[in-house]
Amino acid sequence: MKIVAAKAILKANDQLAGENRERFTSERVFGINLVGSPGCGKTTLLEGLFRRLQGRLVPAVIEGDIAGQIDAERMASIGVPVVQINTDGMCHLDASMIAAAADGFEYGVIDTLWIENVGNLVCTAGYDLGEHLRIVALSVPEGDDKLVKYPAIFQRSHALVITKIDLLPYSNFDVARARGDMRRLAPQAQVFEVSALHGDGLDALADWLVQKRQTELG
């Protein structure tokens with residue numbers, strides 16, 4: 001009986017992720033891995049951000065879902081180049097999937113590649129995809145306890161975006177608690193509070209993204 005350790009699988013993934021990152025860097029494309037639970041508002045966040053970033057960054061998107069292409073269709077409808085990955089049951093994307101999907105874009109035109117990962121706070125934490133930046137979205141309806149329950153995904157992220165803040169009056173979500181837990185788990189991470197539907201907080205996030213790309217790629 002042959003036993004393959006998970007550590008060996010992750011090592012192979014990390015090697016390929018490094019190759020993805022080198023490719024993106026050489027193409028001057030800033031890679032962003034957007035993670036979060038199903039329904040936390042990742043796609044709506046992208047739609048709002050792309051409006052704010054128009055004329056500043058040129059995005060493309062890799063959409064990861066277990067099945068379907070609803071989110072990819074939303075991206076295509078606003079004119080954003082998109083490649084859909086259906087994982088057929090897998091709860092996360094990996095670096096090999098990204099390497100294959102990345103061939104579907106016209107480099108020299110885009111300068112930012114967003115990876116909207118499969119909705120999951122567990123499996124997505126362990127897989128480097130070759131991104132330069134990882135952002136975790138947490139919606140107000142999910143509750144402020146998720147950072148304590150699922151620390152790895154938050155520890156490994158460069159920013160926390162608290163989404164759907166327009167619902168705060170109807171929730172017991174404690175923003176101060178979420179901010180404090182993120183500061184403990186990832187002291188250098190930024191925290192943003194946004195309502196993508198109403199536009200609150202998107203300008204600050206957009207400005208930060210432009211600055212991060214400039215810092216990473218010059």
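Which cysteine does the disulfide join to Cys91? I looked it up: the partner is Cys123, with the sulfurs 2.3 Å apart. I used the cut-off that a disulfide is a pair of cysteine sulfur atoms within 2.5 Å.

**Ground rules.** I am reading a predicted model, where local features need pLDDT of at least 70, side-chain atom pairs count only at pLDDT 80 or more, and totals for chains, interfaces and linings use all residues. Residues are numbered from 1 along each chain as its sequence is written, and side-chain values use heavy atoms, with hydrogens and water left out.

**Cysteines.** I found one disulfide in the structure. The link of Cys91 and Cys123 is left-handed, with -90° about the S-S bond. The pair links distant parts of the chain, 32 residues apart. Cys91 sits in the loop between strand 3 (82–86) and helix 4 (95–101). Cys123 sits in the loop between strand 4 (112–116) and strand 5 (133–139). For these elements I took DSSP runs, numbered from the N terminus: helices are H or I with at least four residues, strands are E with at least two.

I then checked Cys40. Cys40 is in no disulfide, and the nearest cysteine sulfur, that of Cys123, is 15 Å away.

Are these cysteines buried or exposed? My scale calls a residue buried under 20% relative accessible area, exposed over 50%, and partly exposed in between (1.4 Å probe, protein chains only). Cys91 has 24% relative accessibility, so I log Cys91 as partly exposed. Cys123 also has 24%, so Cys123 is partly exposed. Cys40 has 0%, so Cys40 is buried.

**Helix 2 and helix 8.** Two packed helices are described by the angle between their axes and the distance between the axes. I noted about 70° and 9 Å for helix 2 (residues 42–52) and helix 8 (residues 202–217). The axes are lines fitted to C-alpha atoms over the stretch in contact, and angles run from 0 to 180 degrees between N-to-C directions. The two helices are therefore roughly perpendicular; the cut-offs are under 35 degrees for roughly parallel, over 145 for roughly antiparallel, 65 to 115 for roughly perpendicular, and oblique for the rest.

**Ile135.** I found Ile135 in strand 5. Ile135 has a relative accessible area of 2%, so Ile135 is buried. Leaving aside neighbours within four places in sequence, I listed its contacts (heavy atoms within 4.5 Å); among them are Ile32, Val35, Trp114, Trp208 and Leu209. I also checked Val80, 55 residues from Ile135 along the chain: their C-alpha atoms are separated by 20 Å.
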